[in-house]
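Subject: Structure handover

Hello,

Here is the structure I promised, with my notes below it. Please read the two side by side.

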Amino acid sequence: MVRIRNLHFGYSRRVPLFENLSLTLERGHIYGLLGKNGAGKSTLLKNIVGLAFPQAGTCEVNGHPAAARLPVVLEDLFFLPEELHAPALTADQFVAHTAGFYPKFSEVQFHRYLAELEVPRQTKLPKLSFGQQKKFMIAFALAANTGLLVLDEPTNGLDIPSKVQFRKTLAGALSEDRCMIISTHQVRDLDSLIDTVLVVHNREIVLNADLDQLAERLTFGTAGPADTAGALYAEPSVRGRQVVRPNLGGSYGKVDLELLFNAVAGDNPAVVNYLNATPARHEPAV
Amino acid sequence: MEFKDNEAIYLQIAGYVSEQILRQPWGPDEKIPSVRDLASELQVNPNTVMRTYEFLQNQGVVYNKRGIGFFVSPDAEARVKQFRRERFLQQELPGFFNTISLLGVGFDELQQRYQQFQAGQAALIPATTDEKQ
């Protein structure tokens, strides 16, 4: 679906943001894109949707360069930026203006998503709160039924019930022929919704891993002060030291995304090196 | 659904589905929710639910009718009990042994309390059936 090879990009020539970045995204998955502030999450998404152009290397969507912005690519791609443009239109007027660009758009679904997210249909967009506008666009983005859906910080501005409903709606909208990529720094908002985690750090993708496979290869837990031998990463917490260890016992827990992110996006390369050095096993012993 | 940290999510969902089968909202040969519906209800990735259903299918708890969905096996209850028994013996019992040996709780005391527990259960069962009538 998305194929990036040796991407070089920077807003200025002297300060590169990406160097030799490669990434492949497939249909049927929900990817979570994590990175520190300024690491380039949004910029990477903009390269994928054709709003920023590679300085070197390639970024292709369905075999076409994203930067060419071909109609055949754009009609099957929806990008929800972090900051929205809210024209003075109601839901029905917005559909009349915009839905024509998306051949698979479903008005029935759009109305259902609006109802699920509790967004009024009769109010013009600028009269809605920021969170309501965001939910409006999420409903439209999902109803466009594009093969590629790119959401930049979609949960920003949503209240707690809306975040729950967002996860429900998104989980119900994934199909085998859709690829969703969601950037966030609210890792907990996406916990158990994403199946693959991507971490952008130091101008490249340092982690691109299936959560199931990560659970086979790493364990996450607390350890006493004397008990950090063999740990790839440790950080202090109220419950004791939180550690990441190689999974040698064949146990199979839940990946702690926050701890994983801290372990990967810090200066300590131990976790990344470990994952790169050992081949993935297949099914765990259940 | 709140997930625990020490067990894979797909297995926790398998536990949830098994619970529904044992408590009988989902009876033998009944269709269980589609992957998409359960994923949406539990706010989890559909691929995780798919993995749960494949796991339960391998355990013989559910079966798949191509293009229609997953159904509860006729002997699902026995199968669920069997795999939960395995899980209890392998995962929960060692922790229990650890605690009783640490605290010095002897088997005599356990046996006595277990008998009390069973007597309590036996007293409860006729009472609840009376209530239904």
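A:Arg69 is partly exposed, because 14 other C-beta atoms lie within 10 Å. The cut-offs: a residue is buried with 20 or more other C-beta atoms within 10 Å of its own, exposed with 12 or fewer, and partly exposed in between; C-beta atoms are placed from the backbone. A:Arg69 is found in the loop between E5 and helix H2 (71-74) of chain A. Helices (H or I, at least four residues) and strands (E, at least two) are DSSP runs, numbered from the N terminus. The phi of A:Arg69 is positive, about 50°, although this residue is not a glycine. Most residues other than glycine have a negative phi.

This is a predicted model: local features need pLDDT of at least 70, side-chain atom pairs count only at pLDDT 80 or more, and totals for chains, interfaces and linings use all residues. Residues are numbered from 1 along each chain as its sequence is written, while chains are lettered from A and ligands numbered from 1 in the order in which they are written.

Two other loop residues. A:Asn62 sits in the loop between strand E4 (56-61) and strand E5 (64-65) of chain A. Its phi is also positive, near 50°. A:Asn62 counts as partly exposed because it has 15 C-beta neighbours inside 10 Å. A:Glu83 is in the loop between strand E6 (77-80) and helix H3 (91-98) of chain A. A:Glu83 is exposed, since 10 other C-beta atoms lie within 10 Å.

Confidence next. The average pLDDT of chain A is 90, and 95% of the residues score at least 70. (pLDDT is the predictor's confidence in each residue, from 0 to 100.) Residues 282-286 of chain A fall below 50; beyond near neighbours in sequence, this stretch has four contacts in the model. Two residues are in contact if their C-beta atoms, placed from the backbone, lie within 7 Å. Where pLDDT is low, the predicted coordinates should not be read in detail.

Now helix H5 (residues 130-143) of chain A. It has 14 residues and reaches 20 Å from first C-alpha to last, close to the 20 Å expected at 1.5 Å a residue. (The expected span is 1.5 Å times one less than the number of residues.) H5(A) is mostly covered, with 11 of its 14 residues buried. Among the buried ones are A:Phe136, A:Ile138 and A:Phe140. The cover includes E6, H3, helix H4 (107-116), strand E7 (148-152) and H6 of chain A. A:Asn145 follows H5(A), and its phi is positive, near 50°.

The largest nonpolar core has 103 residues. Such a core is a set of buried Ala, Val, Leu, Ile, Met, Phe, Trp, Tyr and Cys residues joined through C-beta atoms within 7 Å. H5(A) gives the most to this core, with eight residues. Domain 1 (2-201) and domain 2 (210-277) of chain A both give residues to this core, so it lies between them. Those bounds come from an automatic or database domain assignment.

The centres of domain 1 of chain A and domain 2 of chain A, taken over C-alpha atoms, are 30 Å apart. Their contact takes 10 residues from domain 1 of chain A and seven residues from domain 2 of chain A.

Last, the chain contact. 16 residues of chain A are in contact with 15 residues of chain B. Helix H6 (residues 160-173) of chain A gives the most to the chain A side, with five residues.

Best wishes
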